[in-house]
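Dear colleague,

I am handing over the structure below, and after it you will find what came out of going through it. Please read the notes with the structure open beside them.

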Amino acid sequence: MWRAARLGRGVALGLLLTVHAVAAFEPMTVGIAIGAASALTGYLSYKDLYCRFAECCREEQRLNASALKLELEKKLFGQHLATEVILKALTGFKNNKNPKKPLTLSLHGWAGTGKNFVSQIVAENLHSKGLKSNFVHLFVSTLHFPHEQQIKLYQDQLQGWIRGNVSACASSVFIFDEMDKLHPGVIDAIKPFLDYYEQVDGVSYRKAIFIFLSNAGGDLITKIALDFWRAGRKREDIQLKDLEPVLSVGVFNNKHSGLWHSGLIDRNLIDYFIPFLPLEYRHVKMCIRAEMRARGSVIDEDIVTRVAEEMTFFPKSEKIYSDKGCKTVQSRLDFH
Ligand SMILES: Nc1ncnc2c1ncn2[C@@H]1O[C@H](COP(=O)(O)OP(=O)(O)O)[C@@H](O)[C@H]1O
Ligand SMILES: [Mg+2]
């Protein structure tokens, strides 16, 4: 898994060969074919045409902020704060021609509230192939960095991997899932890349995006959401300022946050802490409907209610928030 980044030439070759039935494999031949084709079409540059077949890193490509906004509003349920902050963070960063540091987002909240889901949407809006893109990299702590004794090795590998990929594509996206299960030492290794340096060993990291996902802080976020609920206040009235300070201090002091004493927080290297609120019964129902729609089924409200009622909710007394968010909706739907 630690190979240097591929540039997608294999894909380009494959497509061109099937389209034009060219029986040669040398890049030169394909290059000439592309050149000829672009001369024929006239208006397409070599690069444009090449990028139709191969995935290209388009660093200067702007973010379609209104498309991202629409997509988040349509698909992400019950997360008005996350929607707002993610939009603001990405638009600001992508509109800035000379960012002083890479963008670092830290997403926090209960399991199944949409952190991975949002990362996927963000990734797709930055590189159209999303998680399948050669320029988007997902690390899962328990999968990629499981052994505490091997931290030194992971640090070296991670540095090499990030350096290689950012050299190949400055606007690379790195997602670290399960930060709460990551040894802080591992993330220490990438600290220099996240800082305000113009270059580190000849590579500039300033256009890269780092997204950290963690359940840490989920309890604090839930507590505040619950306070609002008990006070009869609307969920949508919860503001970032109600959560952000609690969150960054709370996460910093939480030994299981992965960011704990990693120096990312005390050096202010995290640009945005993004809270994910626990999901209510009505949001779970929305997830069920979305899943049914995605499967092409007609929405049967009886099934929606039945599936939603199979989920468990907390706190015990009030049963407001889903224990697993929308996480088990897909598998439960299989039984109906
Ligand atoms: N807020 C949400 N809005 C819409 N769908 C959601 C939301 N939260 C979770 N889901 C659904 O549940 C699945 C699991 O959520 P996921 O994003 O993996 O949760 P986590 O916060 O633990 O990363 C997602 O793939 C998505 O289909
Ligand atoms: Mg997750």
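R206 sits in the loop that runs between α10 (191-194) and β4 (209-214), where helices (H or I, at least four residues) and strands (E, at least two) are DSSP runs numbered from the N terminus. This is a predicted model, in which local features need pLDDT of at least 70 and side-chain atom pairs count only at pLDDT 80 or more, while totals for chains, interfaces and linings use all residues. Residues are numbered from 1 along each chain as its sequence is written, chains are lettered from A and ligands numbered from 1 in the order in which they are written, and side-chain values use heavy atoms, with hydrogens and water left out.

R206 is buried but has no salt bridge, the nearest side chain of opposite charge being that of E198, 4.7 Å away; buried means under 20% relative accessible area (1.4 Å probe, protein chains only), and a salt bridge is a side-chain nitrogen of Lys or Arg within 4 Å of a carboxyl oxygen of Asp or Glu. A polar atom of the R206 side chain does, however, lie 3.2 Å from the backbone oxygen of K100.

Turning to ligand 1, a polar side-chain atom of K115 lies 2.8 Å from one of its oxygen atoms, and a polar side-chain atom of K327 likewise lies 2.8 Å from an oxygen atom of ligand 1. For F117, a backbone N or O atom lies 2.9 Å from an oxygen atom of ligand 1.

As for the protein chain overall, its secondary structure comes to 15 helices and 7 strands, and buried residues make up 49% of its 336 residues.

Terms used
Buried < 20%, exposed > 50% of the residue type's maximum accessible area, 1.4 Å probe, protein only. Lys, Arg positive; Asp, Glu negative; His and termini not counted. Polar contact = N/O pair within 3.5 Å; in protein donor to acceptor, adjacent residues only side chain to side chain.
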